[in-house]
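User: I would like to learn how to read a few features of a structural model. Can we take them one at a time?

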Amino acid sequence: MATPLKRKAGELAATTAGAAKKPKANASITSFFKQPASEVKSSGAATQTGPLSSLTNPSPSDPPIAAPKFDKAKWLEKLNEEQKELLKLEIETLHESWLAQLKDEILTKEFLDLKRFLKREKDSGKTLFPPMEDVYSWSRHTPLPTVKAVIIGQDPYHNVNQAHGLCFSIRPPTPAPPSLKNIYTALKKDYPSFNPPPKQGGLLTPWADRGVLLLNTCLTVRAHEANSHAGKGWEKFTQKVIDTVAKVRTRGVVFLAWGKSAATRVSKINKQKHCVLHSVHPSPLSASHGFVSLAFLLL
């Protein structure tokens, strides 16, 4: 007759084996291209429903983020009228999990000068991309507590109906551009069952909704003028975003650095704490020199 200890051990082994055989929800790479399950509210908060909700509502096993004590109303009371006007977009559209961490950065002289520059651009009749309401869409699709991986882009797309605030992602019905097509090609190589989104699409909001922070180095661009907002202040701000992820997400995040520019952004990240993976950029100009899909990290 089995002793109670042996019976318990056997029961535990059977339970563990059964759990191991249970398929992971949303494990298929193709699930990243299903209709996003999040509804981004006008207030800037992202509400998750369905199977993706575990990302914006972390499981009990996830260590809580040590969120700074942030009373948005009290913070607003301390701003002068010019600051409130210049920072209206950040106040209204930057997700509060990010605003709590970036509130000091956006009050620096460099950032306020950037906002003055953008105001002059708009006042002079310049068309800017992405639309202003989408500049911080990355923060709403991927609140800070949900970040699991970071992909760093460079400049937003600068033609009509393209950029919407997520690097490499493109607004439908505009077809996927060459760099994104190369990402799809690499995905297909790693995952033969992968099929690109229908109608040559390139909307990556499902990735963002599942914890992949799709962040451009510059967050705005003048229409039809690539890199026209480079060197104006966005680089310092987005570096702060990257540094915040590295500091706050204590369980470890995968940083996918594609190209030399992205590599410089992650050079100071603690590689004992996080995983930093380098590759050439997926652009047609460099992809043939060894662009490697890191898509398995998105699962």
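Analyst: This is a predicted model. Start with accessibility: Lys 148 has a relative accessible area of 47%, and because exposed would need over 50%, Lys 148 counts as partly exposed.

User: Where is Lys 148 found in the chain?

Analyst: Lys 148 sits in the loop that runs between helix H8 (137-141) and strand E4 (149-153). Its C-alpha is 6.5 Å from that of Val 254, although 106 residues separate Lys 148 and Val 254 in sequence.

User: Is Gln 162 buried or exposed?

Analyst: Gln 162 has a relative accessible area of 16%. The cut-off for buried is under 20%, so Gln 162 is buried. Gln 162 belongs to the loop between E4 and helix H9 (178-190). Beyond its neighbours within four places in sequence, Gln 162 is in contact with Tyr 157, Ser 169, Ile 170, Arg 171 and Thr 174.

User: How do strands E7 and E8 pair?

Analyst: E7 (residues 254-258) and E8 (residues 275-279) pair in the parallel sense, over 5 bridges. To get from E7 to E8, the chain passes through helix H12 (residues 260-265), and this β-α-β crossover is right-handed.

User: How is empty space found?

Analyst: A probe the size of a water molecule is rolled over the atoms, and this shows where empty space is left. Here, the second largest pocket holds about 560 Å³ of space. It is lined by 28 residues, and those closest to its centre are Gln 154, Asp 155, Tyr 157, Ser 179 and His 281.

User: Which classes make up the lining of the second largest pocket?

Analyst: The lining has 14 nonpolar, 13 polar and 1 charged residues.

Technical notes: Residues are numbered from 1 along each chain as its sequence is written. This is a predicted model: local features need pLDDT of at least 70, side-chain atom pairs count only at pLDDT 80 or more; totals for chains, interfaces and linings use all residues. Side-chain values use heavy atoms; hydrogens and water are left out. On a 1 Å grid over the protein atoms alone, a cavity is a set of points where a 1.4 Å probe fits but cannot get out, and a pocket is an open set with protein on both sides within 12 Å along at least five of seven lines; lining residues have an atom within 4 Å of a point. Grid points are joined across faces, edges and corners, and a volume is the space filled by probe spheres set on the points. Ala, Val, Leu, Ile, Met, Phe, Trp, Tyr, Cys and Pro count as nonpolar, Asp, Glu, Lys and Arg as charged, and the others, Gly among them, as polar. Two strands pair if DSSP finds at least two bridges between them. Helices (H or I, at least four residues) and strands (E, at least two) are DSSP runs, numbered from the N terminus. A crossover is right-handed if, with the strands pointing away from the viewer, the path from the first strand over the helix to the second runs clockwise. Buried means under 20% relative accessible area, exposed over 50%, partly exposed in between (1.4 Å probe, protein chains only). Contact means heavy atoms within 4.5 Å.
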